[in-house]
Amino acid sequence: MKTILNRIAPLAFCAIALAACSDNKPKPSTTQTVTATPSSTSRTATTTVTSVPASRKTTSPASPAAKGGPLPNSTGIAACDEYLASYKSCHLAAGVFSRDQIEPRYEMMRESLLRQSQDPDMRDQLQNRCVSLSTQLKDALHGKSCADTPAPASTR
């Protein structure tokens, strides 16, 4: 009888500990920025990955970003507006993307920055993000001017 208790007691203790440690709360969202620079080229790409549990929304229902409402014409953040204004010509000059990829990538970046400018949780981080994006683009230019390669008429 004593050996049975010696075997069951640790199992019972572990079961109680696991039950106490488990919670059913969703994990907080995490953001990871990955910058990849292939050694064979001088191109730099930045990707932001956000993991959010399906049951949790990242924006408040009252914000325009959550409603999918109309986007403003500018972010209201000087660094972001300057980055968007020079996006097409600088990316063409840097050769980061092919000409046919500039417009769709610009639209995705523009929408992303405009939506984040409407989200109170993201707006505080947006200045730093745009400064970082501008710095990466400047590095990719290797001293070239953004005016060196004019944007085609279809992307102006």
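Trainee: Which cysteine does a disulfide join to cysteine 146?
Mentor: Look for two sulfur atoms within 2.5 Å of each other. In this predicted model, the partner of cysteine 146 is cysteine 90, with an S to S distance of 1.7 Å.

Trainee: Which hand does the disulfide of cysteine 90 and cysteine 146 have?
Mentor: Read the torsion about the S-S bond. For cysteine 90 and cysteine 146 it is about 100°, so this disulfide is right-handed.

Trainee: Where do cysteine 90 and cysteine 146 sit in the chain?
Mentor: Cysteine 90 is in helix H3. Cysteine 146 is in the segment after H5. They are 56 residues apart, so the pair links distant parts of the chain.

Trainee: Are cysteine 90 and cysteine 146 buried or exposed?
Mentor: Cysteine 90 is buried, and cysteine 146 is buried too.

Trainee: How many disulfides does the count come to?
Mentor: The count comes to two disulfides. Cysteine 80 and cysteine 130 form a disulfide as well, with sulfur atoms 1.9 Å apart. The angle about their S-S bond is 95°, and the link is right-handed. It ties cysteine 80 in helix H3 to cysteine 130 in helix H5, 50 residues apart.

Trainee: Why does cysteine 80 count as buried?
Mentor: Check relative accessibility against the cut-off. Buried means under 20%. Cysteine 80 has 0% relative accessibility, so it counts as buried. Cysteine 130 has 0% as well, so it also counts as buried.

Trainee: What is the pairing when the bonded cysteines are numbered in sequence order?
Mentor: The pairing is 1-3, 2-4.

Trainee: Now the helices. At what angle do H4 and H5 pack?
Mentor: Compare the directions of the two axes. Helix H4 covers residues 99-118, and helix H5 covers residues 120-141. They pack at about 140°, with axes 6 Å apart. Angles over 145 degrees would count as roughly antiparallel. H4 and H5 are therefore oblique to each other.

Trainee: Which residues in H4 meet residues in H5?
Mentor: From H4 come Met109, Ser112, Leu113, Gln116, Ser117 and Gln118. From H5 come Pro120, Met122, Arg123, Leu126, Arg129, Cys130 and Leu133. By class, this contact has seven nonpolar, four polar and two charged residues.

Trainee: Which residues touch the most other members of the largest nonpolar core?
Mentor: Tyr83, Met109 and Leu113 do, in a core of 23 residues. The elements giving two or more residues to this core are helix H3 (78-94), H4 and H5. H3 gives the most, with nine residues.

Trainee: What does leucine 113 touch?
Mentor: Leave out residues up to four places away in sequence. Leucine 113 then touches Thr75, Tyr83, Leu84, Leu126, Arg129 and Cys130.

Trainee: Where is glutamate 111 found?
Mentor: Glutamate 111 is in helix H4. Its relative accessible area is 39%, so it is partly exposed. Glutamate 111 and threonine 75 are 36 residues apart in sequence. In space, they are 9.9 Å apart, C-alpha to C-alpha.

Trainee: What is phi of histidine 142 near?
Mentor: Start with the general idea. Most residues other than glycine have a negative phi. Histidine 142 has a phi near 50°, a positive value in a residue other than glycine. Histidine 142 lies in the segment after H5.

Trainee: Why does histidine 142 count as exposed?
Mentor: Exposed means over 50% relative accessible area. Histidine 142 has 56% relative accessibility, so it counts as exposed.

Notes:
Residues numbered from 1 in each chain as written. Predicted model: local features only at pLDDT ≥ 70, side-chain atom pairs only at ≥ 80, totals over all residues. Heavy atoms only, no water. Axes fitted to C-alpha atoms, helices over the stretch in contact; angles between N-to-C directions. Helix = DSSP H or I, 4+ residues; strand = E, 2+ residues; numbered from the N terminus. Parallel < 35°, antiparallel > 145°, perpendicular 65-115°, else oblique. Contact = heavy atoms within 4.5 Å. Nonpolar A, V, L, I, M, F, W, Y, C, P; charged D, E, K, R; others polar. Core = buried A, V, L, I, M, F, W, Y, C linked by side-chain atoms within 4.5 Å. Buried < 20%, exposed > 50% of the residue type's maximum accessible area, 1.4 Å probe, protein only.
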